[in-house]
Every structure is written in structure tokens, then in C-alpha cells.
Amino acid sequence: MDLLQNRGKNDLLRGRYRLLELVGQGGMGAVYKATDEFLGRNVAIKIFRATAIDPADVRRQEDEVNILASLNHHSLVTLLDAAVDRSDPAEPHIYLVMELIEGDDLRRKLVSGPLPVRQIAQLTYDLAEGLEYMHERGVVHRDVKPANVLLVDYNGDDSRTRAKLTDFGVALLADEARNTADGSATGSAHYMSPEQAQGNPVGPPSDVYALGLVLLECFTSHLAFPGSAVPSALARLMNDPEIPDGVPEEWAQLITAMTARAPEDRPLVPDLVRALRQLIIDADGRHRFDLRAGAADADDEDGRMNAVRRYDLLDTPPDGTFDRITALAARIFDVPIALVSVVDHDRIWFKSKHGLSVDHIDRDAGLCASAILDNEPWVVTDARIDPRALANPLVAGEMGLQFYAGVPLRTRDGYNLGTLCVIDQEPRQFSESETASLEDLAAMVMNELELRLDSRQALLEHLALQD
């Protein structure tokens with residue numbers, strides 16, 4: 001039943017949410033676009049069918065959706081609210097309120113064909129990080145599939161598409177050995193793990209298996225186990241997925257491990273996250289994959305690190321010239337913190353800092369590491385609601401970072417060494433003219449670095465001629 005027609009557009013869900021339009025339906029419920037009348041923003045609301053709820057079990061399920069609503073990670077669609085609608089006591093409806101993401105999902109993306117290898121690595125890394133976060137909190141997704149992977153292109157140029165996992169409709173606490181009310185398996189037949197297809201208890205390895213099938217589909221754009229639900233589910237009990245010869249050998253090995261029929265033979269998600277991070281950064285030459293096929297020079301991490309060393313930016317003392325630029329940036333933009341950062345393979349070093357006492361932070365925690373992936377300014381006006389930053393420890397921790405604007409320090413041969421960035425502990429807007437001014441200051445930093453590099457090279461050539 002369409003609750004929008006049943007309730008009417010003037011009715012508010014729990015006195016707060018106004019349903020606008022039906023955007024999707026599934027076996028367990030329906031998803032609506034809605035307006036949060038309290039905050040004046042659009043949201044997505046998944047309302048579960050009343051028939052899917054055991055009235056004697058509503059309280060337990062309400063506790064579970066509250067746990068799901070506490071999840072907060074950049075690779076998960078943010079769950080903003082969760083409750084039970086008891087407007088009809090005979091038919092209580094559990095619902096989840098989520099951030100509204102309007103764009104493609106991975107299923108529609110794959111209709112156009114396989115993805116580039118680097119994009120596959122990035123999307124898989126995002127999803128593995130999201131699953132790791134869920135599993136650490138005792139939650140198993142149980143329905144990882146392309147249709148539940150939303151794609152967010154913050155830059156509008158497809159340079160770094162982010163993957164966000166959604167639809168927690170069949171997620172369960174990991175220590176609960178439960179299925180549906182009639183004992184049948186839950187999830188989507190084409191992506192079920194063998195244990196899930198058999199209706200056995202599932203845990204984190206089941207999500208790893210499903211992610212392995214999604215990963216394989218990114219390379220082929222075809223289902224690993226096609227056909228109707230029952231034959232598709234049964235096929236994986238007897239066969240491993242077929243991996244075409246065109247899949248790079250290292251990726252084929254990874255997919256084979258992820259889709260092992262025995263759950264204990266699959267890699268742990270934390271190990272998967274570390275491996276994928278290493279593939280993308282590729283800093284130490286191990287587990288080398290061809291992640292730069294078709295990518296710009298700025299995506300070549302080895303080349304970028306060679307450029308950092310070429311400009312002699314590591315293990316050098318603070319620089320007075322750059323200190324004046326960061327102090328100027330702090331005054332111009334009226335912010336407490338301004339930095340010239342250099343992104344090393346595992347650290348972000350502050351070549352110059354205004355308003356900050358630390359000399360470096362871990363690369364994973366720093367927004368500068370994300371900013372250098374783009375060739376345009378990277379601006380987060382309110383980190384508390386921006387999915388790119390809301391799970392960052394600098395945002396959630398004591399520092400309370402709320403605003404960030406960074407411009408890559410780009411070399412003449414196309415490598416991003418780090419950023420000139422400004423930071424505030426309050427959200428704020430950043431105009432086009434302010435962005436242009438920050439770009440001008442970043443250009444001053446690079447001009448200075450280029451002059452120093454040219455001077456060193458000229459001196460070396462002069463000494464060589466003297467010899």
C-alpha cells in the first residue's frame with residue numbers, strides 16, 4: 001500500500017516529516033522523498049511494511065533501528081532518525097530517516113559497462129571502510145549490492161566518485177542468529193553468500209562475500225550468478241564465481257578470496273581495508289596494481305612523492321617566507337588557522353602553520369590528503385553535515401574543525417605536493433572571490449618553491465661546469 005495516498009500530503013509522520021513522493025519500493029517497504037518540517041530540508045524515508053513486523057517484537061526492532069541510526073560514517077548514507085509510527089496502533093510502521101542523495105546508484109552506472117580499474121579500487125575502498133565501521137559496532141548489512149551503493153560526485157567531473165552504502169532494511173546485530181519470521185533467508189538472491197542462501201546465521205564474512213561479487217561485477221558489468229532467485233542462490237552453493245581472464249591477476253586473487261564458499265576462508269574486513277588503501281596510495285611498491293590506467297599524472301602517487309622529494313620539502317626547518325603567507329591568509333579570511341601542508345605517504349607535514357602548534361598529523365585523518373586528489377579548490381563549509389568530513393576525527397574530536405578550504409600546491413609537471421588551506425572551528429560560507437584569493441596565495445607559495453628549485457638546479461649546473 002502506498003502510504004502517501006493513504007495518509008495524504010497534509011499528514012506529518014510523527015508530526016515532523018511530510019511525505020512528498022514515492023521513489024522506490026521493495027519487498028520490505030517503500031522509500032519516500034520527504035521534507036523535515038523542523039529543519040527545512042529534504043530527506044529520504046524508508047517505511048517498513050506493517051506485515052513485516054511482529055507486534056510482540058516491535059520494541060526489540062525499535063532498539064535495533066536506533067542502533068542503526070547511531071551509525072555515522074562517510075561511506076554510509078547518514079541515518080538521521082529512526083522510530084516506530086504508531087498513528088495506527090493495529091499496524092505500527094518502523095521507519096528510517098536518511099540523508100537524501102539524488103544521483104546514480106552503482107547498478108545504473110554498470111549498465112554503461114565496466115568501470116576503470118582505479119575507480120573500482122576507490123569505490124571498493126569506500127565500501128570496505130563503511131563495512132568495517134558497521135562491523136566494529138556489531139552490525140551486519142546483509143544486503144550489499146550495486147543498487148544499494150549510491151554514487152556521489154562532489155566535484156562534478158567524475159575525478160573522484162565516492163560510494164555510500166544505503167538500505168539497512170535487513171541489517172541485523174552481528175550476534176543475533178536470526179532470519180525472517182518464516183525462517184527464510186533475507187537479502188538479494190544475486191549477491192547472497194552461501195550461508196545466507198542456506199538460511200544459516202550470517203556475520204561479517206557474508207558482507208565480504210557480497211562485496212566480492214559487487215567488485216567482480218564492476219570489472220565485467222555482468223551478474224556472477226544470473227537467473228531467477230532460487231537457481232541463482234543455489235548456484236553459489238556448488239560453484240565459485242567465474243572470473244574472466246581480463247580481470248588483472250591480483251584483483252582476481254582478491255575476488256577469489258572474498259568469495260570463498262567457507263566464511264572462515266574469506267579475508268577480514270580490516271585486512272581488506274588496509275590492502276585497498278595500500279593499492280590506492282601505492283607508496284612502498286608492495287602489492288602493486290595498475291591503478292593508474294588512464295589517470296592523470298596527479299594520480300601517480302610514486303611520481304607525486306618523487307616531486308615532494310625533488311622540491312626538498314621534508315625534514316626541513318620552518319620557513320619564514322611561508323609563515324608570512326599563512327599569517328596573511330589568516331588575516332584576509334579572518335580564520336584562526338592557516339597552513340602550508342605537504343602530504344607525505346603516511347603523514348601530513350605543516351611546512352608553515354599559523355594558529356596551530358602541532359607539526360604533523362596522520363595522513364588518513366587529514367582533509368589535505370583528500371584535497372590533493374582534486375585539481376580544484378576543496379571547500380567544506382560545514383563539516384558537521386558534509387559527508388566528506390563529518391566522520392573525520394578532526395571534526396568529531398577535540399579540535400572541532402567545522403570549516404576547511406584548501407587549494408592544491410600544483411607543480412609545473414602536474415603533481416600536487418600539498419595545500420595552502422584555511423581552517424575554522426565555526427561553519428562559514430566561502431565566496432568565489434575568496435576562493436580566487438586563496439588560489440592566488442597558493443600560487444605565491446608555488447612560485448617561491450619553483451624559484452628555489454630553479455636556483456638549486458642552476459647552482460648544481462654551475463658546480464658541474466667548474467669541475
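Two strands count as paired if DSSP finds at least two bridges between them, and strands themselves are DSSP runs of E with at least two residues, while helices are runs of H or I with at least four, all numbered from the N terminus. With that in hand, welcome to a predicted model, in which local features need pLDDT of at least 70, side-chain atom pairs count only at pLDDT 80 or more, and totals for chains, interfaces and linings use all residues. Residues are numbered from 1 along each chain as its sequence is written, and side-chain values use heavy atoms, leaving out hydrogens and water.

**The sheet and its helix**
- Six strands make an open, antiparallel sheet, ordered β13-β12-β11-β16-β15-β14.
- At its edges sit β13 (360-362) and β14 (378-380), each of which pairs on one side only.
- From one strand to the next, the twist averages 25°.
- Helix α11 (residues 320-333) packs on this sheet and touches β11 (337-343), β12 and β16 (416-424); contact here means heavy atoms within 4.5 Å.
- The direction of α11 makes about 75° with that of β12, where axes are lines fitted to C-alpha atoms (for helices over the stretch in contact) and angles run from 0 to 180 degrees between N-to-C directions.
- Strand β12 (residues 347-354) is joined to β13 by three bridges, and W349 has H360 in β13 as its bridge partner.

**An aromatic cluster**
- F333, F403 and F430 form one aromatic cluster; rings of Phe, Tyr and Trp (its six-membered ring) pair if their centres lie within 6.5 Å, and planes under 30 degrees apart count as stacked, over 60 as edge-to-face and the rest as tilted.
- The count of aromatic pairs comes to five.
- One of them is the tilted pair of F333 and F430, 5.4 Å centre to centre with 45° between the planes.
- Because F333 lies in helix α11 and F430 in the loop between β16 and α14 (432-466), this pair ties together parts 97 residues apart in sequence.
- F333 is buried at 2% relative accessible area; buried means under 20%, exposed over 50% and partly exposed in between (1.4 Å probe, protein chains only).

**One face of helix α8**
- In helix α8 (residues 249-258), W251, A252, L254, I255 and M258 are buried.
- Seen down the axis, these buried residues fall within an arc of 160°, so they line one face of α8; the arc is that of the directions from the helix axis to the C-beta atoms.

**Cysteines**
- The structure holds zero disulfides, a disulfide being a pair of cysteine sulfur atoms within 2.5 Å.
- The sulfur of C368 is 3.9 Å from its closest cysteine sulfur, in C421, which is too far for a bond.
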